[in-house]
Amino acid sequence: MSTCSLAHPFIPATPGDRRSPCPALNALANHGYLPRNGQNIGLCHLIRAVQEVYNLSFILAALLALAGILLCGRAFHLDLDALAIHNKIEHDASLVHADALGQQRAPTEVDPELLKSFLSHADPQRGMSLYDLAQVRISREAQLARPLDLIHSQIGAGEAALCWLLLKQDNGRIPSSTLLQWYGEERLPDNWARPPHVIGLLNARTKAVEVANIMSSLKKSTCRSPPSSSYFSVSFLGLRTIM
């Protein structure tokens, strides 16, 4: 069974509710771990919800929550839709959300075509690996007219890494049905449970580096100029927006 219980049923967002480009936070709001209207979320509430459901360490949960609130919130509170402000934390080449295309905010609704393309990278029986997630990131970034800057490229790698840490099964792969429900329906997936071990800053940073290195290797194999992996070895900025 998933982490949700009778006390936290899934209720999709209704008109007027605020949502972000982040499936992890939207799922928390849709299950009532965060305010269902997505508004006026306090720092402590955000940290507590992320820890309770996703089993992040206090340090990692606090880092992610504080980054979001300082960059997009006000008075240590956050409306989820503020996370869609373009090029603060949000960036082009999202896995399932369309680009901002010159607008101040990016779309927060899931793009059906991008979702379909994303899921096509998963093996129908075995699901999606960390390597597959890196391939999706390359595919999305290749569609951009202008490459992501270093910080937002790191953020994209961090998002993919944390997704894998949160959703993977014991075989290191994420079932397609889990990806569909989390990314497409923005809900805690059926037959999913919170990670059994606390996910700390070092875990997340290490996997973000791995994603970046996979991407660099794949780009080299196609004779494309790769990003400098040395930056990824000293930075964890890419971790700050999945939450």
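## A buried charge: Glu 186

Glu 186 is buried, yet this residue has no salt bridge. Its nearest side chain of opposite charge belongs to Arg 19, 5.5 Å away. A salt bridge needs the nitrogen and oxygen atoms within 4 Å. All of this is read from a predicted model.

Where does Glu 186 lie? The residue is in the loop between helix H7 (176-184) and helix H8 (201-221). What does Glu 186 touch, apart from its neighbours within four places in sequence? Its contacts include Phe 10, Ser 20, Asn 26, Ala 27 and Asn 30. His 97, Thr 108, Val 110 and Gln 181 are also in contact with Glu 186.

## The chain as a whole

The chain has nine helices and two strands. Along the sequence, their order is α-β-α-α-β-α-α-α-α-α-α. There are 243 residues in the chain, and buried residues make up 53% of them.

Contacts can also be sorted by separation in sequence. Take those with a separation of 6 or more: 65% of them join residues 24 or more positions apart. The accessible surface of the chain is about 11200 Å². Carbon and sulfur atoms account for 56% of that surface.

## How confident is the prediction?

The mean pLDDT of the chain is 91. A value of 70 or more is reached by 89% of the residues. Over residues 225-243, however, the pLDDT is below 50. In the model, this stretch still has 61 contacts beyond near neighbours in sequence. Where pLDDT is low, predicted coordinates should not be read in detail.

## Salt bridges

How many salt bridges are there? The count is eleven. One of them joins Arg 18 and Asp 81, with the closest N and O atoms 3.4 Å apart. Arg 18 lies in the segment before H1, while Asp 81 is in the loop between S2 and helix H4 (112-119), so the pair ties together parts that are 63 residues apart in sequence. Arg 18 counts as partly exposed because its relative accessible area is 27%. Arg 18 and Asp 81 also belong to a network of salt bridges with Arg 74, Asp 79 and Arg 105.

Lys 219 and Glu 141 form another salt bridge, with 3.9 Å between the closest N and O atoms. Lys 219 sits in helix H8 and Glu 141 in helix H5 (residues 130-141), so this pair links parts that are 78 residues apart in sequence. Are these two residues buried or exposed? Both Lys 219 and Glu 141 are buried. A further salt bridge brings together the side chains of Arg 187 and Asp 190, at 4.0 Å from N to O. Asp 190 is partly exposed because its relative accessibility is 42%.

## A nonpolar patch on the surface

Which residues form a nonpolar patch on the surface? They are Leu 66, Leu 70 and Phe 76. Together they have about 300 Å² of accessible area. Phe 76 lies in the loop between helix H3 (58-72) and strand S2 (77-78). Its relative accessibility is 46%, so Phe 76 counts as partly exposed.

## Two positive phi angles

Most residues other than glycine have a negative phi. Ala 75 has a positive value, near 50°. This residue lies in the loop between H3 and S2. Why does Ala 75 count as exposed? Its relative accessibility is 69%, and the cut-off for exposed is over 50%.

Asn 87 also has a positive phi, near 65°. Asn 87 is in the loop between S2 and H4. Asn 87 is partly exposed because its relative accessible area is 42%.

His 8 lies in the segment before helix H1 (23-30). Why does His 8 count as buried? Its relative accessibility is 19%, and buried means under 20%. Leaving aside neighbours within four places in sequence, His 8 is in contact with His 31, Gly 32, Tyr 33 and Arg 36.

Conventions
Residues numbered from 1 in each chain as written. Predicted model: local features only at pLDDT ≥ 70, side-chain atom pairs only at ≥ 80, totals over all residues. Heavy atoms only, no water. Helix = DSSP H or I, 4+ residues; strand = E, 2+ residues; numbered from the N terminus. Buried < 20%, exposed > 50% of the residue type's maximum accessible area, 1.4 Å probe, protein only. Lys, Arg positive; Asp, Glu negative; His and termini not counted. Contact = heavy atoms within 4.5 Å. Areas by Shrake-Rupley, 256 points an atom, 1.4 Å probe, with all protein chains shown as cover. pLDDT = per-residue confidence, 0-100. Patch = residues over 30% accessible without salt bridge, like charges linked within 9 Å, V, L, I, M, F, W, Y side chains within 5 Å.
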